[in-house]
Amino acid sequence: MASITSLGIGSGLDLNGLLDQLQTAEEKKLVPIAARQETQQTKISAYGQLQSALSQFQTAADALNDSALYESLSTNVGGSAITATADAEAQPGSYNVTVDTLATRGTLASEGVAAADEAITDADQKLTLNFADGSTQEINIASGSTLEDIRDTINATEDAGVNATIINDGTNFRLALSSSETGADASIADFSFDGAAPFAADTANTLQSGTDAALTVNGIDITSSTNQVEGAIQGVTLNLEEEGDSTVVVEQNTRAVREAVTSFVEAYNGLKDKIGDLTSFNFETGEAGELLGDSTVRAVESSLRGVLGGAVEGELSLLSDIGISHKYDSGLGYSKLEVDQDKLDDAIANNQDALATFFAGDTDEAGMAGQINTAVEQLLSPNGRVEGAISGAETLKASLVEQYTRMEQSIEQTISRYRSQFGQLDGMIAQMNQTSSYLTQQFDALDAQLGRG
């Protein structure tokens with residue numbers, strides 16, 4: 001709102017300053033509304049943080065609600081000759097693997113030509129690539145092609161079977177071919193042109209035939225055209241890295257289960273820390289958390305406390321049965337989950353079926369993780385407590401915005417009315433001053449005529 005700059009000219013009074021003071025007083029009516037707007041925005045942000053922490057906890061619980069987690073297998077490899085991965089078809093077992101030969105690509109170079117960028121073909125012709133398994137690949141070479149053009153044409157041909165480069169041997173330039181795939185059958189063996197050959201294959205000096213990989217698994221000889229061997233061990237992919245001996249142990253993936261349980265505990269404790277921050281109170285400073293005393297937070301804690309403290313059907317029925325318990329932290333003022341690692345490791349290593357039943361159950365909602373997911377889903381659903389609290393705060397904030405706007409308009413109208421009244425007052429006083437001045441002059445003139453001056 002602009003300050004008044006023309007009032008008081010007629011009266012000589014500081015009506016402009018008075019109007020500014022009245023405006024400042026009126027605008028104080030906006031302060032509590034703005035404060036309530038800020039409070040609601042702070043609450044919306046706080047509810048969003050609570051919502052995010054709940055979602056993270058739900059995600060961690062969902063990971064434990066997957067029965068496949070407890071059926072997964074891992075591979076432990078001893079030695080550097082191979083790496084290995086297992087899929088759902090793998091079976092537990094131990095295997096000795098010896099890599100005798102790695103699969104290699106066949107290579108072949110041409111005879112040399114003087115320049116790589118000068119035309120060496122004088123007519124269109126076909127380049128025929130011959131492979132060790134007896135197959136061929138024909139590639140059209142355009143008239144006037146350089147060695148670089150021939151290289152580019154080969155590389156642009158789909159399923160050419162080779163990759164082409166140019167090598168300078170110090171005197172001449174050679175076309176160098178490398179088989180696209182490893183293995184003996186895929187090896188490049190020779191090439192030729194159907195017309196006047198710009199160069200020939202130097203098979204006598206540069207041909208290096210591709211080889212199949214050779215290995216043994218528990219003494220059984222195996223060959224493979226690639227260094228990625230699938231099927232030699234059921235459900236296991238072997239990646240051959242070098243010649244040598246290795247061992248492969250396929251076993252239950254206890255590490256994945258342990259990490260999932262640990263993530264679950266950490267996510268819950270992260271949620272509790274977030275709630276602790278949002279509901280904290282500092283007695284020294286008087287500073288309070290954004291959701292101190294909030295009923296939605298109490299509802300969240302009550303719901304989760306009921307689920308985590310409850311039992312499920314099975315050999316393992318309580319969190320404490322697998323080494324997870326609540327521990328009160330007097331410094332924080334609330335409880336968090338604590339893990340007895342030895343007890344948890346024992347359940348993971350020796351009783352994983354019961355652990356799977358405890359967390360995943362035989363239906364999506366039967367196990368502990370499923371019950372947690374159901375509880376959190378209810379809290380976060382469109383009609384749930386958290387979403388309802390956010391919607392309520394947003395609605396109230398929108399109402400306060402409208403209230404603020406109406407109050408601004410009311411203040412504008414009040415100040416406008418004051419301005420009009422002050423303008424009238426200024427005019428009246430100015431007129432009265434003029435009348436007073438005129439009468440004074442008249443009286444002074446009369447006094448002078450009567451000799452009383």
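User: Is Asp 152 buried, partly exposed or exposed?

Analyst: This is a predicted model, in which local features need pLDDT of at least 70, side-chain atom pairs count only at pLDDT 80 or more, and totals for chains, interfaces and linings use all residues. Residues are numbered from 1 along each chain as its sequence is written, and side-chain values use heavy atoms, with hydrogens and water left out. Buried means under 20% relative accessible area, exposed means over 50%, and partly exposed lies in between (1.4 Å probe, protein chains only). Asp 152 has a relative accessible area of 38% and is therefore partly exposed.

User: Which side chain meets that of Asp 152 in a salt bridge?

Analyst: Side chains of opposite charge can pair when their charged atoms come close. A salt bridge is a side-chain nitrogen of Lys or Arg within 4 Å of a carboxyl oxygen of Asp or Glu. Asp 152 meets Arg 151 in this way, at 3.0 Å from N to O. Arg 151 is partly exposed, at 23%.

User: How many salt bridges are there by this rule?

Analyst: The count is nine. One of them joins Lys 29 and Glu 26, at 2.9 Å from N to O. Lys 29 is partly exposed at 41% relative accessibility, whereas Glu 26 is buried at 13%.

User: Where in the chain do Asp 202 and Arg 174 lie?

Analyst: Their side chains form a salt bridge of 3.1 Å, N to O. The pair links distant parts of the chain, 28 residues apart: Asp 202 is in the loop between strand S9 (188-193) and helix H4 (203-206), and Arg 174 is in strand S8 (residues 173-179). Helices (H or I, at least four residues) and strands (E, at least two) are DSSP runs, numbered from the N terminus. Asp 202 is buried, with 11% relative accessibility, while Arg 174 is partly exposed at 21%. A network of salt bridges links Asp 169, Arg 174 and Asp 202.

User: Which residues form the nonpolar patch on the surface?

Analyst: Patches are made of residues with over 30% relative accessible area and no salt bridge; like charges are joined within 9 Å, and nonpolar side chains (Val, Leu, Ile, Met, Phe, Trp, Tyr) within 5 Å. Here the nonpolar patch consists of Tyr 438, Leu 439, Phe 443, Leu 446 and Leu 450, with about 510 Å² of accessible area together. Accessible areas come from the Shrake-Rupley method with a 1.4 Å probe; for residues, only the protein chains shown count as cover. Tyr 438 belongs to helix H10 (residues 385-449) and is partly exposed at 48%.
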